[in-house]
Amino acid sequence: MKNRILTWIEILVLTVIAVRPSLDAMGGWPAITFGSAGPLSLNPAGVASLLMLALGFAWLLLSAPGERAAALRHPAVLLFGAWLILLIPWAVVPVYLHGASRLASLREWVRLFSLLPLFVILLNLSARGNANRILAALFLSLIVPALTALYQIAFHEGMLVQKAHRIQSTFPHPNPFSFYLVMMIGLAYWKCRWSERRTGWILLLLLSLGLLISTFSFTGAGMLGVLILMIAIGESRRLRLTILSSLILFALVFVATPTGRQRIRTITQWDNLDEIERTGRETSSMVWRLLNWRFLIRTWKKSPWAGYGLDSSPIVNPNRAYQGTGPGQEPHNDYIRFLIDAGVIGLFFYLIWLAGIGLLLMRAYRQANAPPVRGFIWIAAALYAAWLAGSANDNLIIATAYQYCLWAVFAAALGWPAAAHPTGGHCEEPNAAVNRRNAAPDAPA
């Protein structure tokens, strides 16, 4: 009975991965008042996070002791867990000091924490030789966003950002959609590289590239450039030239479109920051970012070591939306976000966490022997590099749909070498119950 329930838990986690990129398009549900906390509203995306926490708790409760211990002592899990524990003061103290008005800090910690059970369960699944199920869920997740994006292109729907038409599909903004597409491009390339039947994967790769162009996201384009450069480093000279040629072609197509040219004219329009701050007039997105970072750095200097609490950047940012009358702007830089939210101390913890994940991916790459597995881990490392680069220019850490899928990729990459060498990795399976569950007749194909 436990084996059957554990199998369904894994199926539900994979289902969350498959549907999460489509949930942001659904609006919030009616607000419910919870005592002194005031009215709180949930939406399908928030419910998915709570479901992930419940599934993680159930998995820990029902899994065999050896299986549970092997997963929890994996260095990536220990690193992730330690980082979340260190973040607790920045989640709790703002609520203690300011009351219900700062529940956003605690809510942000819970959102980040929901990534951990997802990672643990999928890491265990990959270590048992089921990484392809994770990849199947990731590719299924593209169906609804891709169809929605094609509809927006065909009927000129989407968003008008600084007079440029950009598609956002099921995502709240074109930028997070572009982050997600860069990830899918990396996975589709790996399939093209190692699959015996490549035609379908080549078409998927071209479709993803076309949709990425239609987002007209400079952050997404930059992340794609990092991804392609990393892939080129890991390939032969002939493939390296082909890959770099594809990057040049992508840039040419981007420039050839009217919206692309408009975006380039806008981004290259540099204005004096002092004048923009004084007049408040509209400017290019890059100049706006520089001005936004200037406001945030000024605010950070008032509390440099400890910051203001998780998800405090929009609250304390004096740069407000709607000509100063709306909510505070997001940082559009995850490093500055953690500098504001958690100060120098919290930013240091964040950078250690990021560095640790990168080192573990490189170690997994060295441990893998099969070329397809090594190739996949290298793609995961390339996506990791693209994540780091994109974080310097946008809000990647709060793009939850993208983060769920990204950590599914990391789980598949870090668990796969252990599946090939079950006695030599950190996710070895010391308990025979794990093997029995893999062979259970109710396990999905």
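The protein chain comprises 21 helices and four strands, these being DSSP runs (helices H or I, at least four residues; strands E, at least two) numbered from the N terminus. Its radius of gyration, taken over C-alpha atoms, is 22 Å, close to the 22 Å that the globule rule gives for 445 residues, so the chain is as compact as a globular protein of that length; the rule is 2.2 Å times the number of residues to the power 0.38. This is a predicted model, in which local features need pLDDT of at least 70 and side-chain atom pairs count only at pLDDT 80 or more, while totals for chains, interfaces and linings use all residues. Residues are numbered from 1 along each chain as its sequence is written, and side-chain values use heavy atoms, with hydrogens and water left out.

**The whole chain**

Display the C-alpha trace: along the principal axes, the C-alpha atoms fill a box of roughly 70 × 60 × 40 Å. Of the 445 residues, 52% count as buried, that is, under 20% relative accessible area, with exposed meaning over 50% and partly exposed in between (1.4 Å probe, protein chains only). Among contacts (heavy atoms within 4.5 Å) with a separation of 6 or more, 70% are between residues 24 or more positions apart.

**The nonpolar core**

Select Phe119, Leu122, Leu138, Trp353, Trp387, Trp407 and Phe410, the residues with the most contacts inside the largest nonpolar core, which has 123 residues. Such a core is a set of buried Ala, Val, Leu, Ile, Met, Phe, Trp, Tyr and Cys residues joined through side-chain atoms within 4.5 Å. Helix 20 (residues 400-420) gives the most to this core, with 14 residues. Next, centre on phenylalanine 119: leaving aside neighbours within four places in sequence, its contacts are Ala76, Val77, Phe80, Trp407, Phe410, Ala411 and Leu414.

**Salt bridges**

The model has 11 salt bridges, each a side-chain nitrogen of Lys or Arg within 4 Å of a carboxyl oxygen of Asp or Glu. Select arginine 128 and glutamate 10, which form a salt bridge with their closest N and O atoms 2.9 Å apart. This pair links distant parts of the chain, 118 residues apart: glutamate 10 is in helix 1 (residues 2-23), and arginine 128 is in the loop between helix 6 (115-127) and helix 7 (131-140). Glutamate 10 is buried at 4% relative accessibility, as is arginine 128 at 11%.

Glutamate 67 and arginine 128 are both buried.

Move to arginine 20, which forms a salt bridge with aspartate 24 at 3.2 Å between the closest N and O atoms. Here arginine 20 is buried, at 3%, whereas aspartate 24 is partly exposed, at 28% relative accessible area. Then select Asp274, Glu277, Arg294 and Arg298, which are linked in a network of salt bridges.

**A surface patch**

Finally, select Leu140, Ile143, Val144, Leu147, Leu150 and Ile153, a nonpolar surface patch with about 520 Å² of accessible area together. Patches consist of residues with over 30% relative accessible area and no salt bridge, like charges being joined within 9 Å and nonpolar side chains (Val, Leu, Ile, Met, Phe, Trp, Tyr) within 5 Å. Helix 8 (residues 143-154) gives the most to this patch, with five residues. Valine 144 lies in helix 8 and is partly exposed, at 41% relative accessibility.

Notes: Accessible areas come from the Shrake-Rupley method with a 1.4 Å probe; for residues, only the protein chains shown count as cover.
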